[in-house]
Amino acid sequence: MELVRATEAAAIRAVPFIGRGDKNAADGAAVDAMRVFLGTVNFDGVIVIGEGEKDKAPMLFNGEHVGNGRGPACDIAVDPIDGTSLTAAGRQNALSVIAVSDRGTMLDASSVFYMDKIVTGAAGRGVVSLDQSIGDNIREYSKATGKPVGEIVVAVLDRPRHIGLIDAIRTAGAGTRLMLDGDVAGGINAARHETRIDMCVGIGGSPEGITTACALKAIGGFMQGRLAPGTDEERANASAAGLDVDKLLEIEDMVRGDNTFFVATGVTDGGLVDGVRRVGPMIRTESIVLRSRSGTQRRVIAEHLAEKWL
């Protein structure tokens with residue numbers, strides 16, 4: 001619940017910036033709020049995946065210590081807003097996210113910004129792979145689930161780099177769900193049995209990939225990733241950090257062990273959780289809490305007295 005308080009605070013503070021066109025202001029407000037609440041949590045946390053160089057962030061950066069210094073030693077992944085552009089434009093599926101695992105268990109992929117990923121439900125284990133074509137993956141997953149290819153829906157970030165991938169998905173006979181941003185939610189929804197998305201594929205952020213792996217530890221989904229350096233400099237940085245950019249990463253390579261937590265609060269409405277909304281004198285938030293050790297998924301609906309936040 002201490003982690004939920006931090007994502008709730010970040011989501012609430014981002015609300016005044018929804019649809020205002022300033023993603024940096026939205027992110028800054030969320031970062032400030034999340035950092036304050038993380039400072040009260042009873043743990044010794046080190047941020048392995050934070051705002052980092054890509055976001056030019058002064059706080060919640062990679063290597064920063066958070067928490068009150070007491071309690072368990074943990075690795076932390078934070079994204080005060082996964083979907084800053086979505087927030088600025090007033091679009092769906094923006095989240096505030098925290099993932100936690102035991103110290104030394106979370107892969108530090110900060111030297112490479114992007115990762116090629118594939119995520120499915122548990123039925124994809126031993127069936128789909130990044131080493132296969134997307135057409136083969138769709139057909140094999142169709143057989144494994146008993147779902148006709150024509151009913152398979154594949155989530156993909158809507159980016160120029162994915163034009164060929166999107167064409168191949170449609171040529172195979174499956175449908176696409178194009179995401180403007182927010183591939184953490186896309187990956188989690190691909191692994192959950194009650195959603196319309198069957199598979200999430202393509203190149204997205206490596207921090208988002210590690211964060212998604214923490215969530216999938218709790219819900220039993222399947223995921224593979226491969227780091228995707230965009231420049232020779234990034235490739236050299238990866239080598240210097242001891243990362244093998246050609247290695248096919250399984251979930252256990254991205255986060256080891258069975259003690260992970262994943263917490264997300266909706267900023268705007270989406271397929272995973274509802275966004276922040278005003279209900280009379282209250283502010284209502286919805287969060288999802290996943291824990292791998294117990295295999296539990298909890299939803300937290302909270303109402304906050306608005307005058308405390310205004």
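Cys200 is buried (under 20% relative accessible area, with exposed over 50% and partly exposed in between; 1.4 Å probe, protein chains only), as its relative accessibility is 6%. The model is predicted, so local features need pLDDT of at least 70 and side-chain atom pairs count only at pLDDT 80 or more, while totals for chains, interfaces and linings use all residues. Residues are numbered from 1 along each chain as its sequence is written, and side-chain values use heavy atoms, leaving out hydrogens and water.

**Cysteines**

- The count of disulfides (pairs of cysteine sulfur atoms within 2.5 Å) is 0.
- Cys200 is in no disulfide, and its nearest cysteine sulfur, in Cys214, is 16 Å away.
- For Cys214, the closest cysteine sulfur is that of Cys74, and 11 Å is too far for a bond.
- Cys214 is buried, at 1% relative accessible area.

**The cavity**

- The structure holds 1 cavity of 30 Å³ or more; a cavity is a set of points on a 1 Å grid over the protein atoms alone where a 1.4 Å probe fits but cannot get out, and lining residues have an atom within 4 Å of a point.

**Gly270**

- Gly270 is partly exposed, with 22% relative accessible area.
- Gly270 and Gly83 lie 187 residues apart in sequence and 11 Å apart in space, C-alpha to C-alpha.

Definitions and conventions
On a 1 Å grid over the protein atoms alone, a cavity is a set of points where a 1.4 Å probe fits but cannot get out, and a pocket is an open set with protein on both sides within 12 Å along at least five of seven lines; lining residues have an atom within 4 Å of a point. Grid points are joined across faces, edges and corners, and a volume is the space filled by probe spheres set on the points.
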